[in-house]
Amino acid sequence: MDRLWWNHITRAHKFLEDIISSALDGKSMILCLPENVPWRDTLLELVEDRLKLENPKNALDRMQCPEEEVGLFLLNRYCKAERRATYRFGMTYAEFLGKCEDTVLNDRYLWVSGIPKNRYDEWISFIVEYRKNVRNKTPGVFILETQDDGFANRAGKGMKKLIFDHQIGAYDKFAFCALAASDRHCREYLRPYLADLVSTVCNQDIELCAECVSLGNAFLEDPIQVIREIVREKCRSNGKNYCFPGTEEEIRIKIWETQLKTIFPVIEKYRSSFIKKYRKHIAGALPIITSYGEQVANPEDVEIGALVYLAGNGKIPLESREYETLAAFREARNRLAHLNTLEPDAVDLILREGNSL
């Protein structure tokens, strides 16, 4: 599902393309990724493959922030000994490397990770001065990876800042879940509910969403147990353990929120369809007085509880199975209205019936 995320979710793909286009334009950047960015290694691979395709001359070097001073490290790594020998004190490393035309730094994209806070200014100052001294040649391009959006917001003149959390939103996560659910082994009418439930319960964790969607029916049966098992038994693409900060009660609230959003409209659609089918019989039983003392004279205003009452008293002729379905819809509405979640069988019944309306 890693390539589904980076290639087919519009804003995730745009984020990927922004990295590539900036690098191809020769612009260094600060790239802010969250700690659990979805499939980071796949992102790097896709960037590297596209850069090779578009500009075969340049290579992508990935590295952790070196302990040495930035300029000294780059001088030693990317200049031959004879070129290093021409360096003279009084000239900064950034100025020297910017003016140097026979260094392989000119043919590199440098993806640097693990930069400590106390070295942010060092990297930014080096890149700005280096770029200012580049003349008739292609410059080396620096991609500084961080988890600190404060670092990204300090990007120097001529540098881009790309912040994952500013470009990716809740809809992108839902879109991913919807696409991922499209080939899961669960009934078709349950797939939109599966996507909505997973995206709501798993919050911002895209890789956890992928794990939960992949389990399909098992997640629909018992989301809490599935999340427990994933946290206990599985690892992220970066090798770290999953961590789910929500309590069981918080998960239940999210399940209820999803059911309220998904199931309630189906119940109302069913009620309207039922009234349309039996309008003549319902109209003949009106007016009625509700438990709140209000008189109802219009069939379209009859609530589902009153429909069950009328059917139970023979005012609406129903087969036993149809009455059981009507009663099940009434029970589901009452549970949701009183902040209770529905059991999987009730969800299945309502969405199955709703799918046929």
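## Helices α11 and α15

The crossing of α11 and α15 is right-handed, a crossing being right-handed if the near helix is turned clockwise from the far one by less than a right angle, and left-handed if anticlockwise. This is a predicted model, in which local features need pLDDT of at least 70 and side-chain atom pairs count only at pLDDT 80 or more, while totals for chains, interfaces and linings use all residues. Residues are numbered from 1 along each chain as its sequence is written, and side-chain values use heavy atoms, with hydrogens and water left out.

Two packed helices are described by the angle between their axes and the distance between the axes. For α11 and α15 the angle is about 145° and the axes are 9 Å apart. Axes are lines fitted to C-alpha atoms, for helices over the stretch in contact, and angles run from 0 to 180 degrees between N-to-C directions. Helices here are DSSP runs (H or I, at least four residues), as are strands (E, at least two), numbered from the N terminus.

From α11, Tyr193, Asp196, Leu197, Thr200 and Val201 take part; their partners in α15 include Ile251, Lys254, Ile255 and Thr258. Contact means heavy atoms within 4.5 Å. The residues of this contact comprise five nonpolar, four polar and four charged. Ala, Val, Leu, Ile, Met, Phe, Trp, Tyr, Cys and Pro count as nonpolar, Asp, Glu, Lys and Arg as charged, and the others, Gly among them, as polar.

## Helices α15 and α18

Helix α15 (residues 248–277) also meets helix α18 (residues 320–337): their axes come within 10 Å and cross at roughly 140°. The two helices are therefore oblique to each other; angles under 35 degrees count as roughly parallel, over 145 as roughly antiparallel, 65 to 115 as roughly perpendicular and the rest as oblique. Their crossing is left-handed. Among the residues making the contact are Trp256, Leu260 and Phe264 of α15, and Leu326, Phe329 and Arg333 of α18. This contact divides into 13 nonpolar, two polar and three charged residues.

## The enclosed helix α12

Helix α12 (residues 206–214) is largely enclosed by the rest of the structure, because eight of its nine residues are buried. Buried means under 20% relative accessible area, exposed over 50%, and partly exposed in between (1.4 Å probe, protein chains only). The buried residues include Ile206, Leu208 and Val213, and their cover includes α1 (2–8), α10 (170–181) and α14 (223–233).

After α12 comes Gly216, whose phi is positive, near 45°.

Ser28 lies in the loop between α2 (10–24) and β1 (29–32). With 7% relative accessibility, Ser28 counts as buried. Its side chain reaches the backbone nitrogen of Phe142 at 2.9 Å.

Arg108 is found in strand β3 (residues 108–113). The side chain of Arg108 makes a polar contact with that of Asp61, at 3.2 Å. A polar contact is a pair of N or O atoms within 3.5 Å; within protein, one must be able to donate a hydrogen and the other to accept it, and residues adjacent in sequence count only if both atoms are side-chain atoms.

## Backbone features in loops

Asn203, in the loop between α11 and α12, has a positive phi of about 55° although it is not a glycine. Leu339 likewise has a positive phi, near 65°, and counts as exposed at 60% relative accessibility. A cis peptide bond joins Leu286 and Pro287, with omega about 5°.
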